[in-house]
Structure formats: structure tokens, C-alpha cells
Amino acid sequence: AAGLYLVATPIGNLRDITLRALDVLAAADLVACEDTRVTGRLLQLLGLKARMTPYHDHNADAARPALMAKLAEGRVVALVSDAGTPLVSDPGFKLVQACVEAGIPVTSVPGPSAALTGLQLSGLPADRFLFAGFLPNKTTARRAALKELDAVPATLIFFESPHRTADTLADMAAVLGDRLGAVARELTKMHEEVGRAALSELARRYAETSPRGEVVIVVAPPGEIAAAGPAQLEERLRAAIQSGS
Ligand code: SAM
């Protein structure tokens with residue numbers, strides 16, 4: 001049926017594409033995507049051909065009217081990100097808003113999500129969480145943003161680039177207190193890995209060598225420090241002895 005379809009795509013493992021995503025991408029009159037090369041490669045790997053049009057942060061305002069015109073004509077438009085779930089730290093929110101206002105049907109074709117995958121593997125409480133996306137790049141602004149989250153009684157989920165991971169973890173330890181955290185990298189890929197430790201310990205670990213590939217940082221809720229397991233306590237004790245404190 002006509003309308004806008006928000007189609008999740010793999011975050012690393014091609015086989016995470018859903019059967020419904022394949023159906024919708026095959027049937028779409030137009031696939032709006034962040035980068036036609038990235039999505040073109042994905043479609044090729046999936047054995048699909050589709051008309052693509054760029055829709056990204058820098059052209060969204062200019063490109064939206066043409067997409068809305070297609071949708072008003074009764075076309076099927078699929079929106080995809082380079083990877084993962086559209087709209088989550090990715091373009092699409094204003095397009096959905098415009099469709100809602102215009103009475104055009106919007107449907108989600110759910111699938112891979114780096115934020116939820118990182119949360120699942122973090123080993124931290126997952127019944128209540130706050131997804132905070134990317135923090136500011138500069139330390140002053142980053143610490144201010146973290147301060148706003150300090151009292152939130154929930155697990156916190158962040159996206160971060162590998163080369164900023166150690167600095168961000170250090171700021172987190174300073175502002176939020178030395179809570180337990182997890183750094184999940186290369187999710188669904190061959191070298192998937194999750195580091196779980198106190199934030200200060202993770203900061204030390206990734207200051208030596210930046211994590212390779214993309215990362216999700218997950219931070220325990222306030223007060224979770226006391227709930228550290230024996231392994232974490234031992235690790236923290238060893239770190240304290242090593243640093244001579
Ligand atoms: N909308 C996407 C989603 O739902 O997964 C996220 C897009 S955001 C621009 C990209 C960020 O997601 C990366 O910087 C990283 O923090 C995280 N990410 C994406 N794929 C990942 C993976 N395979 N492993 C770890 N983190 C990943």
C-alpha cells in the first residue's frame with residue numbers, strides 16, 4: 001500500500017535484513033537514503049534494484065517537497081539509513097512529521113538498532129533506559145550535557161566515535177561518578193566485543209588503544225556502583241592497587 005516505510009537495515013551483519021524489509025525495498029517506487037553509494041551497495045548485495053534519491057541532513061529541507069509530492073501521488077517511498085533504524089540519530093523525523101500532518105500513512109519496518117543491541121549486551125539494567133545519542137565533541141559542552149543526565153534514574157545509552165571514546169568515558173566518570181559501564185563495538189560483526197567495567201577503568205583501557213570500529217557506550221543508573229559484581233570489584237581493586245591509590 002502507498003505511504004512512507006521506515007525500513008531498518010543491518011548494522012554489520014547482512015543476514016540481519018528482515019524478510020519484510022526485502023519485500024518493501026523490492027516494491028518501493030523510490031528509496032530515500034543518506035548515501036546512494038552505501039545503500040546502492042546494500043541493494044546489490046541483497047539482489048535488489050530500486051530507484052534511489054538522497055535524503056540526508058544537508059539536503060533534507062530541499063529534498064522533502066519532492067518526496068512529499070511522490071507520497072501524495074500514492075507512491076511507495078522507503079526511507080533507509082546507511083545502517084540501522086532510520087530516525088535514531090539519523091534523518092527522517094521531519095519527513096514523518098510532514099506525513100503525519102498531511103495524512104499520509106507511515107509504517108515502520110523494524111530491525112537492527114545499535115542502541116538496543118548495545119543495551120542488551122551491556123549487562124546493565126534494561127527495563128528503564130534513556131537513549132542520549134551523540135554527546136557534544138568538546139569537553140566543556142560534553143560535561144554540561146552529562147550533568148543534565150546525572151540524576152536520570154535509568155541506564156544511559158550513547159553513540160560515540162572510536163577516537164573520542166576514551167575522553168568521553170573519562171568525562172562520564174568525572175561527571176556521573178565512577179559507575180559501571182559497557183563499551184560495545186562492532187556489533188553483529190565478526191569482531192563484536194563488549195568491555196564491561198567501571199567507567200574510569202574503561203577510560204584507561206581505551207586511552208591506550210582507541211577501540212576499532214563503531215561503538216555504543218552504556219552507563220549504569222545512579223546508585224548502581226554498589227551493585228557491582230565480584231568480578232568488577234576485583235577488577236576495581238586491582239586497578240586501585242596498580243595506580244597506588
Ligand atoms: N540509526 C542507527 C541505528 O539505529 O543503529 C544509528 C546511526 S548513528 C549515525 C551511528 C552510530 O551508531 C555509530 O557512531 C555507533 O555509535 C553506532 N553503531 C552503528 N553500528 C554499530 C555497530 N555495528 N556496533 C557498534 N555501534 C554501532
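1. Before anything else, a term: a nonpolar core is a set of buried Ala, Val, Leu, Ile, Met, Phe, Trp, Tyr and Cys residues joined through C-beta atoms within 7 Å. Buried, in turn, means that 20 or more other C-beta atoms lie within 10 Å of the residue's own; 12 or fewer makes a residue exposed, anything in between partly exposed, and the C-beta atoms are placed from the backbone. With that in hand, the largest nonpolar core here has 33 residues, and those with the most contacts inside it are Ile157, Leu169, Leu199, Val216, Ile217, Val218 and Val219. Helix 5 (114-122), helix 7 (165-176) and helix 8 (199-208) each supply at least two residues of this core, and so do strand 7 (155-160), strand 8 (180-185), strand 9 (193-198) and strand 10 (215-219). Apart from this core lies another, of 23 residues, including Leu6, Leu71, Val77 and Leu79. As background, nonpolar side chains tend to be buried together in soluble globular proteins.

2. A word on what you are looking at. This is a predicted model, in which local features need pLDDT of at least 70 and side-chain atom pairs count only at pLDDT 80 or more, while totals for chains, interfaces and linings use all residues. Residue numbers start from 1 along each chain as its sequence is written.

3. Now the overall picture. The chain has nine helices and 10 strands; helices (H or I, at least four residues) and strands (E, at least two) are DSSP runs, numbered from the N terminus. Along the principal axes, the C-alpha atoms fill a box of roughly 70 × 35 × 30 Å. Of the 245 residues in the chain, 33% are buried. Two residues are in contact if their C-beta atoms, placed from the backbone, lie within 7 Å. Among contacts between residues at least 6 apart in sequence, 74% join residues at least 24 apart.

4. Five strands make an open sheet in the order 6-7-10-8-9, with mixed pairing; two strands pair if DSSP finds at least two bridges between them. Strand 6 (129-134) and strand 9 are the edge strands, each pairing on one side only. On average, and ignoring direction, neighbouring strands are turned by 20° against each other. Strand 7 and strand 10 pair in the antiparallel sense over five bridges, and leucine 156 has valine 219 in strand 10 as its bridge partner.

5. Which strands does helix 7 lie across? They are strand 7, strand 8 and strand 10, and helix 7 runs at about 10° to strand 10. (Axes are lines fitted to C-alpha atoms, for helices over the stretch in contact, and angles run from 0 to 180 degrees between N-to-C directions.) Helix 8 packs on the sheet as well, touching strand 8, strand 9 and strand 10, and its direction makes about 130° with that of strand 9. Leucine 169 is in contact with Gly181, Leu199, Leu202, Ala203, Tyr206 and Ile217, leaving aside neighbours within four places in sequence.

6. Valine 216 lies in strand 10 and counts as buried because it has 25 C-beta neighbours inside 10 Å. Not counting residues up to four places away in sequence, valine 216 touches Ala114, Ala115, Gly118, Ile157, Phe159, Ala184 and Leu187. Glycine 118 is found in helix 5, and is buried because 25 other C-beta atoms lie within 10 Å. Glycine 118 and valine 218 are 100 residues apart along the chain, yet their C-alpha atoms are separated by 7.1 Å.

7. On to the ligand. Of the 23 residues around the ligand, Gly84, Thr85, Ala114, Phe159 and Leu187 come nearest; a residue is near a molecule if its C-beta atom, placed from the backbone, lies within 6 Å of it. The shell has nine nonpolar, eight polar and six charged residues, where Ala, Val, Leu, Ile, Met, Phe, Trp, Tyr, Cys and Pro count as nonpolar, Asp, Glu, Lys and Arg as charged, and the others, Gly among them, as polar. Strand 7, strand 8 and strand 10 each supply at least two residues of this shell.

8. Last, some backbone angles to check. Glutamate 186 is not a glycine, yet has a positive phi of about 55°. Threonine 188, also not a glycine, has a positive phi of about 70°. Glutamate 186 sits in the loop between strand 8 and strand 9, and threonine 188 has its place in the loop between strand 8 and strand 9 too. Glutamate 186 is partly exposed, with 17 other C-beta atoms within 10 Å.
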